[in-house]
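This report describes selected local features of a protein model. Please consult the sequence and the structure shown below while reading.

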Amino acid sequence: MISLMLMVPFTILIFGPFGTILGNKVSELVVWLFSVNRIIAGIILGTTYPFLTILGLHWGFTPVTIQNLELYGGDMLEGVCVCAMFAETGIAIGAYLKGKKHSRIREVAGPTILTAIFAGVTEPILYGIIMNYRRLLTVVAVASGIGGAINGALHVTCDAFVFHNIFSLVMRTYSPFFSYLIGITTSLVCGILMTYFWGLATENREDFEAEAENVLEDKKEEIHSDGGDEIVAVQAPLSGEVVKLEDIEDEVFASGVAGQGLAIRPLKGIVKAPCDGEITMIFPSKHALGLSAGGAEFLIHIGLNTVMLNGEGFEVLVEQGEQVKAGQPLLRF
């Protein structure tokens with residue numbers, strides 16, 4: 001409440017008017033540059049537009065854009081700014097391609113690519129990716145500036161007040177359309193290539209590596225059976241992200257009443273034998289099965305409350321009493 005009492009008046013009386021005035025001055029400067037030299041204006045606007053977006057100053061172009069659409073039927077400012085959106089999308093694609101499966105960067109980049117392509121909203125890329133890796137600030141400036149120079153030189157205009165996304169592209173709301181395609185394609189490709197081959201410094205590599213400690217991919221461990229000194233080599237029955245048992249939203253499992261173990265968020269709907277052994281039990285609802293190996297007993301349970309499905313969506317591939325080998329498919333779901 002104290003924060004709101006301070007920030008609302010400051011926003012209305014100081015920050016808002018300051019941002020509006022500054023944004024208007026920036027747009028006036030850019031319009032003047034276009035009257036002097038369209039290529040230079042395209043380079044400057046393309047290079048700076050991502051940073052203006054970070055600061056929220058890009059909204060200062062809106063009144064000028066609307067006026068240009070009314071007077072001339074097209075706006076050269078947005079005809080250049082569209083390159084920044086595709087440069088940022090290219091960076092997200094390059095980062096996704098560079099990242100390995102289960103890496104942090106893929107978790108961030110994947111959704112932001114969709115947001116950019118389908119909504120034309122690139123702030124998640126700017127804040128979630130570009131601002132976190134210093135070299136990418138250079139990449140976005142260069143990729144946007146090159147595309148901006150091309151669109152400025154070729155007199156590309158945006159002919160409707162739209163968000164720059166796949167739908168505005170399909171509706172051909174830019175002209176000349178072929179020139180527009182050259183500019184945005186150049187920015188997109190530059191963003192991808194520069195990010196993939198140069199934009200990621202060595203100190204940031206861990207974000208692009210798989211989070212091995214949280215992922216099981218045929219990982220093997222050894223456990224001692226309760227019966228004595230016999231060792232049973234165990235591999236994960238599923239590939240996926242490991243979750244601590246106490247974090248499961250089921251009191252029986254979380255409390256350890258059902259035994260020690262772990263949970264896995266599966267990547268594929270197939271369960272494989274964790275070791276050589278005998279199938280000792282198959283639930284009638286097919287959602288769980290038991291396996292015995294060297295005196296150790298294993299329970300593999302699929303999902304929470306899945307007994308309520310009465311077997312729907314489950315396919316058991318083995319029979320009770322059957323001897324199985326490690327890695328042998330046991331159940332599909």
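## The cis peptide bond at Pro176

In this predicted model, Pro176 is placed in the loop between strand 2 (174-175) and helix 9 (177-197). The peptide bond that leads from Ser175 to Pro176 is cis, and its omega is near -10°. In general, most peptide bonds are trans, and most residues other than glycine have a negative phi.

## Residues with positive phi

Arg172 is a residue other than glycine with a positive phi, near 55°. Arg172 belongs to the loop between helix 8 (166-170) and strand 2. With a relative accessible area of 54%, Arg172 counts as exposed, because the cut-off for that class is over 50%.

Lys286, which is not a glycine either, has a positive phi of about 65°. The position of Lys286 is in the loop between strand 9 (277-282) and strand 10 (288-293). Lys286 has a relative accessibility of 35% and is therefore classed as partly exposed.

## The surroundings of His301

His301 is found in strand 11 (residues 296-301). Its relative accessibility is 28%, so His301 is partly exposed. Leaving aside residues up to four places away in sequence, His301 is in contact with Phe253, His287, Ala288 and Thr306.

Two polar interactions involve the side chain of His301. With the side chain of His287, the side chain of His301 forms a polar contact of 3.2 Å. The side chain of His301 also reaches the backbone oxygen of Gly303, at 2.9 Å. Phe34, by comparison, lies 66 Å from His301, C-alpha to C-alpha, and the two residues are 267 residues apart in sequence.

Key:
Residues numbered from 1 in each chain as written. Predicted model: local features only at pLDDT ≥ 70, side-chain atom pairs only at ≥ 80, totals over all residues. Heavy atoms only, no water. Helix = DSSP H or I, 4+ residues; strand = E, 2+ residues; numbered from the N terminus. Buried < 20%, exposed > 50% of the residue type's maximum accessible area, 1.4 Å probe, protein only. Contact = heavy atoms within 4.5 Å. Polar contact = N/O pair within 3.5 Å; in protein donor to acceptor, adjacent residues only side chain to side chain.
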